[in-house]
Amino acid sequence: MERWGVHEIELTGPSDGNPFADVRLSARFQFRNRIVEAEGFYDGDGVYRVRFMPDAVGPWSYTTVSNVTELDGRAGAFEVSPASVGNHGPVRAVGIDFEYADGTPYLPFGTTAYHWTHDLDEERERRTLRTLAASPFNKLRMCVLPTGAMTPPEVPFAGQDPDGLDFTRFNPVFFRHLEARVRDLLDLGIEADIILFHPYDFGRRGIEDMGRESDHAFLRYAIARLAAYRNVWWSAANEYDFNKSKTVEDWDDILRTIARLDPYEHLRSIHNGTRMYEVATLYDFTKPWVTHQSIQHWDVTPTDEWLRACPKPVVLDEICYEGNIGKRWGNVTGEELVDRFWEGMARGGYVGHGESLAGFQERAWIGNGGGLHGQSPARIAFLRKIMETRREGVLLRYLGRRQAASVTVDLPDDGAAYEVELIDTWNMTITPVDGAHRKQARVALPRRPYLALRMTRVAP
């Protein structure tokens, strides 16, 4: 197998009683003098699995540990080859930016389709994957838990949904389907931002307030099944502060538990909801168990302020959606969404997309995936190309909604000459500005909004 791939151990064990709660299984994987322990899980019908993501090339060995005799002390070995083309490992936070484990820079251009896996609609899921493959998006926010209004064919827990769920038992059919979609995203090079909790059960199933013991059991099972996939991120919750049954201390505990259970230290954060249209009440991202800032706010201009207060990457996962629905978070124009993308990235952050356009398909993209019909994805692809090809000696200045006749830009006083280009972010054009500029450039503008300037150092 390859580095940062998935090695899986399959064992047969007891199926009586409650194997989800009664049986503990893990495996200790050894490379030279280093040991990494990964928890296993019960996959139904007497089958147990341990999944592991090796991070080093060479020979590995393992020994299982269990409180059940037939699962304990099982040993084996395997060889890990170098990563294949396109496999850069899991994404890490480095300062206020991201990079893959092999050092390749990663710029998140995310979108949201909360429940695209819940209906088990194979045709729509395949359409979603085709849409993503043709899109600029390399990260997808998605929920594990359904909302209270949904009646999906499968849910994460055993029992009769919604009247008698058993939070001590899990539904392997649901999780097999979920992890298959995570693997599909992996094949497309897309990070799966897994949202573990949310406040939208509305008391229907009781999963908003399962209690700490059940919360931990759910985390243990989900992490054991999913953590070995290198494209996984953990979001403790979507709009965590709308959940009135949990305190900040409860969320601290959940995030610490994720950190403790995940041997690969995948990215971890939590997403706010309160007062999005005024002053956002954010989680304290300076806490050591959080790797980056996941923020919902309509105004991206505080991005540099958030970075000063907490030097971890800022990801504005929700800045309102391009759409036409009656909710104010879901009816901004494509121009407005693209403007927020440019503004947020110009200030050092990363920005997420969403689409809630009615009239094109039965359910909007943000809920169930399918197709994208808005005007923003093509412009976001244009921005992504500019940002990913940006190199040392290149400066960007975004001019935003203003439409002045001209602008003066101060350049580094380093004795170098700079070429200047005018970028029309909406019409997706790049026009050279005549001349080589030193110290300062005065640029005539076409008196329209959503323009940017790119200054490239060309000579000493």
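In what handedness of crossing does helix 3 pass helix 4? Hold that thought for a moment, everyone, while I cover the ground rules.

What you have above is a predicted model, where local features need pLDDT of at least 70 and side-chain atom pairs count only at pLDDT 80 or more, while totals for chains, interfaces and linings use all residues. Residues are numbered from 1 along each chain as its sequence is written, and side-chain values use heavy atoms, with hydrogens and water left out.

Back to the opening question: helix 3 passes helix 4 in a right-handed crossing. Helices are DSSP runs of H or I with at least four residues, strands are E runs of at least two, and both are numbered from the N terminus. The two helices pack at about 45°, with axes 10 Å apart. Axes are lines fitted to C-alpha atoms, for helices over the stretch in contact, and angles run from 0 to 180 degrees between N-to-C directions. Helix 3 and helix 4 are therefore oblique to each other; under 35 degrees counts as roughly parallel, over 145 as roughly antiparallel, 65 to 115 as roughly perpendicular, and the rest as oblique.

Who makes the contact (heavy atoms within 4.5 Å)? Ala, Val, Leu, Ile, Met, Phe, Trp, Tyr, Cys and Pro count as nonpolar, Asp, Glu, Lys and Arg as charged, and the others, Gly among them, as polar.

Now turn to helix 2, residues 122-133, which packs on helix 3, residues 172-187, at about 20° with axes 11 Å apart. This pair is therefore roughly parallel. Among the contact residues are Glu 125 and Arg 126 of helix 2, and Arg 181 and Asp 184 of helix 3. The class count is three nonpolar, one polar and four charged.

Six of them form an open antiparallel sheet in the order 1-4-3-2-5-6, with strand 1 (7-12) and strand 6 (75-80) at the edges. Pairing takes at least two DSSP bridges between two strands. Strands 2 and 5 pair over six bridges, and Arg 28 has Thr 63 as its bridge partner in strand 5.

Finally, helix 4 (residues 212-226) lies across strands 3 and 4, running at about 115° to strand 3.

Technical notes: Contact = heavy atoms within 4.5 Å. Left-handed = near helix turned anticlockwise from the far one by under 90°.
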